[in-house]
Amino acid sequence: MTYNLNYEVLGSIFLFGYFLGSIPFGLILTKISGLGDIRKIGSGNIGATNVLRTGNKNIALLTLLLDGGKGAFAIYLITITLPKVFYINFDMVEFYQCTVAISAVVGHCFPIWLSFRGGKGVATGFGVVLSFNLYIGIVALLIWVLTAKAFKISSMSALIAYFLIPILMFYYETELIYFLSSFIISLVCFVQHRENIKRLINRSEPKI
């Protein structure tokens, strides 16, 4: 499909997704709940896995849901807003959906507020994938959960899930743009896990 893009809208959507994705819920929730600065605990990551290392499962779960919700909400808002407010053809919305999806994950991983040192994009990416294709998202989540239960290694479960997500999108999603977006998001996820990959190879990656 050929896209006739409005680049001003495209830029605005990217910035919206970035700043929404950059909200550091893990950091905010741990500070509010008196658990301290999550960046000084465990791996220093602001994601749900590191929040879990504080011992507060409820805050970790809330972080997971809110980080995932950032990606899903960004897509939902763009989907309902663009055709009505900007009078953009609904056939074009999928491209802008993918733009805001990628930018939300980028915002989570590289938030300007935290010197571009954020999370690894796992939960936010899952929110995006669930919005793209609910069934593929559910399958990916099941793979993530079952792998985590089997091996007790969070990074391994995330990497396996994100390796399979683009493959599932390619075979079971009719829109090529969703496959390309999921590939980019998976690539970002792998880049953010580069240190974990080294530890997995060296068999020194800590278990959950």
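Modeller: What follows covers the cores and then the pockets of this predicted model.

Colleague: How many residues are in the largest nonpolar core, and which have the most contacts inside it?

Modeller: That core has 38 residues, and Tyr96, Phe126, Phe132 and Met169 have the most contacts within it. At least two residues each come from helix 1 (7–21), helix 4 (57–86), helix 5 (90–109), helix 6 (122–132), helix 7 (134–151), helix 8 (154–172) and helix 9 (176–192).

Colleague: Which helix gives the most?

Modeller: Helix 5, with ten residues.

Colleague: And what does Phe132 touch?

Modeller: Leaving out residues up to four places away in sequence, Phe132 touches Ile75, Gln97, Cys98, Ala101, Met169, Glu173, Tyr178 and Ser181. Another core, of eight residues, lies apart from the largest one and includes Ile38, Val51, Ile59 and Leu114.

Colleague: Pockets now. What volume does the largest have?

Modeller: About 870 Å³. Its lining has 37 residues, with Ala48, Thr49, Trp144, Ser154 and Ile208 nearest the centre. Helix 3 (48–52), helix 4, helix 6, helix 7, helix 8 and helix 10 (194–201) each give two or more residues to that lining.

Colleague: How does the lining of the largest pocket split by class?

Modeller: It has 14 nonpolar, 14 polar and nine charged residues.

Colleague: What about the second largest pocket, and which residues are closest to its centre?

Modeller: The second largest pocket has a volume of about 410 Å³. It is lined by 19 residues, and Ser43, Asn45, Arg117, Gly118 and Lys120 are the closest to its centre. Helix 10 supplies the largest share of this lining, four residues. By class, the lining of the second largest pocket has five nonpolar, eight polar and six charged residues.

Note on methods
Residues numbered from 1 in each chain as written. Predicted model: local features only at pLDDT ≥ 70, side-chain atom pairs only at ≥ 80, totals over all residues. Heavy atoms only, no water. Core = buried A, V, L, I, M, F, W, Y, C linked by side-chain atoms within 4.5 Å. Buried < 20%, exposed > 50% of the residue type's maximum accessible area, 1.4 Å probe, protein only. Contact = heavy atoms within 4.5 Å. 1 Å grid on protein atoms, 1.4 Å probe; cavity = no way out; pocket = protein on both sides within 12 Å on 5 of 7 lines; lining within 4 Å. Points joined across faces, edges and corners; volume = space filled by probe spheres on them. Nonpolar A, V, L, I, M, F, W, Y, C, P; charged D, E, K, R; others polar.
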